[in-house]
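Here is a walk through one structure, from its ring pairs to one of its helices. Keep the model open as you read.

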Amino acid sequence: QFFFLRSREHPLMTTQLRAYPDAESSLRPDFTGHTLIIPCLTIGNVGQLAVDLLVSTLSLPRVSHLDHPYIIPVVGNDAVTPYGSGVICTSLELFYDSARRAVILQQRGPVVRGRGREYANDLVRWIKDQKIARVVMLHSADATFRMDQQIIGNQRKYFGDDNNYFHLGASSRLEGDNLDSAVPEGTLSRAIYDNLLQQSVPALGLTLFCNEGDNIVDAIAMAAWLQEVLPSSGQHAASTQPSLSPSTSSSAPGTIKWIFPSSWQLIQGDAFHTSLYQ
């Protein structure tokens with residue numbers, strides 16, 4: 001359960017992204033030359049769900065909390081640790097993946113209406129300050145707005161820089177009208193992407209077409225695709241295949257045994273009692 005805290009803007013407050021080390025972690029990594037993975041606030045929250053799944057499965061440590069005046073404050077029980085553990089989560093959190101020299105940003109709080117461009121500018125400025133080498137965006141697009149040629153075939157799409165990444169050949173690139181349809185102008189995702197391009201930061205967007213609803217399968221597909229695109233050291237990307245249940249394992253080498261976050265127990269709320277239908 002998450003709680004949104006009402007905040008009031010101060011006239012002297014500067015729109016800067018500030019990082020605070022996590023008190024529970026002793027890690028203070030240098031992000032120079034690392035890859036930053038960020039979820040987009042798009043349909044089905046696929047990117048955010050995929051981040052929680054990766055953090056839970058890989059047991060990634062949280063190294064920092066971020067704060068920005070235009071991100072609505074959120075506080076709640078941590079999405080990954082068991083209930084009652086006393087660990088809380090906040091609006092913006094950074095997790096560290098040393099195996100692939102990656103930093104993962106999780107965003108739980110929405111952006112204040114009309115302030116998305118300011119937040120995008122500050123986020124990219126922080127990325128530059130941290131000397132991050134490249135950015136991977138986890139994005140989902142509304143399947144109802146697909147072009148005719150996109151309805152049949154692979155629903156994996158990508159946009160942006162495709163150099164030095166694995167396993168993008170099976171997906172198709174979004175350009176021109178296809179890009180504008182999947183990542184429309186005026187959205188937060190597009191503002192971040194355009195700003196990264198303007199600042200000459202290599203950016204790759206991974207996109208899955210999906211519908212609103214139970215998006216666990218979409219999140220698993222996104223997390224598995226990211227594992228292929230950015231395999232950890234010693235991991236062969238081609239052998240990475242998702243298992244659709246945390247209790248399901250396979251003897252195939254490199255197969256991922258997903259560990260679902262504790263928060264997914266209530267992702268669709270409680271089931272209806274059968275007495276309602278009698």
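Rings of Phe, Tyr and Trp (its six-membered ring) pair if their centres lie within 6.5 Å; planes under 30 degrees apart are stacked, over 60 edge-to-face, and the rest tilted. The model is predicted, so local features need pLDDT of at least 70 and side-chain atom pairs pLDDT 80 or more, while totals for chains, interfaces and linings use all residues. Residues are numbered from 1 along each chain as its sequence is written, and side-chain values use heavy atoms, without hydrogens and water.

The structure holds four aromatic pairs. Phe-159 and Tyr-193 make an edge-to-face pair, with 4.9 Å between centres and 85 degrees between planes. Phe-159 sits in strand β10 and Tyr-193 in helix α5 (residues 188-198), so this pair ties together parts 34 residues apart in sequence. Helices (H or I, at least four residues) and strands (E, at least two) are DSSP runs, numbered from the N terminus. Phe-159 is buried at 1% relative accessibility. Buried means under 20% relative accessible area, exposed over 50%, partly exposed in between (1.4 Å probe, protein chains only). Tyr-193 is buried too, at 8%.

Phe-260 and Trp-264 pair with centres 4.9 Å apart and planes at 55 degrees, so this pair is tilted. Phe-260 is partly exposed at 23%; Trp-264 is buried at 8%. Elsewhere, ring pairs link Phe-31, Tyr-96 and Trp-126 into a cluster.

Now turn to helix α6, residues 216-229. Of its 14 residues, 12 are buried, so α6 is largely enclosed by the rest of the structure. Among the buried ones are Ile-216, Met-222, Trp-225 and Val-229.

Notes. The expected span of a helix is 1.5 Å times one less than its number of residues.
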